[in-house]
Amino acid sequence: GNSVTQMEGPVTLSEEAFLTINCTYTATGYPSLFWYVQYPGEGLQLLLKATKADDKGSNKGFEATYRKETTSFHLEKGSVQVSDSAVYFCALPPYNQGGKLIFGQGTELSVKP
Amino acid sequence: SQTIHQWPATLVQPVGSPLSLECTVEGTSNPNLYWYRQAAGRGLQLLFYSVGIGQISSEVPQNLSASRPQDRQFILSSKKLLLSDSGFYLCAWSGLHMNTEAFFGQGTRLTVV
């Protein structure tokens, strides 16, 4: 079945550092790909998405490119802020999975001033 | 616009007591509905999902159950809580189209004492 693997955390960075969180996936067909963010004590919210190969999703300075050849969807940000401290989840929609949403294990990011 | 309501926000229950968490969605029809649990500092564990009224898929055998009595209502229950049931419970919905993003409630922090 479909699956998502993302890099282990926690990740600790200084403010203005460059961020990369790796995500690779296994899927049948061509699903959309998503990154969600969870701020402390809250539910998840969609950060960005890409719907087809070579698409780049972007939001709040974060970017991720749908790479079919490497089955990857790595999250990047050029200069992180303290307010970016959160848990980030890579995800597959319930595409060819009978309704089941699939998430990576989550990567906790802590940004220090 | 679509909204998701999940309550209560926090709950402290003694071991052996029953549990009922409710989630309702507004502004959409025939959503896929999900219950996730998140233990402290860990990823999302899919507990149940539903693609229609009365259709419940269970991912993890345990002392929890779920029901969908109405199209936009999803209930998580337990007859007797265990200490290990403590965690952060999240309800989510996604659209009928299987390639769309999910939307999450604000979560319920359950502490079993």
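## Salt bridge and contacts between the chains

A salt bridge is a side-chain nitrogen of Lys or Arg within 4 Å of a carboxyl oxygen of Asp or Glu. In this predicted model, one salt bridge is counted between chain B and chain A: A:Lys49 is joined to B:Glu101, with their closest N and O atoms 3.2 Å apart. The side of chain B that touches chain A is made up of 11 nonpolar, eight polar and two charged residues, where Gly counts among the polar ones.

Contact, which means heavy atoms within 4.5 Å, links 21 residues of chain B with 23 residues of chain A.

## Buried area

The two chains bury about 1700 Å² between them, 55% of it on carbon and sulfur atoms; buried area is the accessible area (1.4 Å probe) that two parts lose on being put together, summed over both. In chain B, the residues that lose the most area to chain A are B:Met98, B:Asn99 and B:Glu101, together 31% of what that side buries.

## A sheet in chain A

Chain A has an open sheet of four strands in the order β3-β9-β8-β7, with antiparallel pairing; strands are DSSP runs (E, at least two residues), and two of them pair if DSSP finds at least two bridges between them. Because β3 (19-21) and β7 (56-59) of chain A stand at the edges with a single partner strand each, one side of each is left without a neighbour in the sheet.

Four bridges join β7(A) to the antiparallel strand β8 (residues 62-65) of chain A, and A:Ser58 stands opposite A:Glu63 in β8(A).

## Basis of the values

Residues are numbered from 1 along each chain as its sequence is written, and chains are lettered from A in the order in which they are written. Local features need pLDDT of at least 70, side-chain atom pairs count only at pLDDT 80 or more, and totals for chains, interfaces and linings use all residues, while side-chain values use heavy atoms, with hydrogens and water left out.
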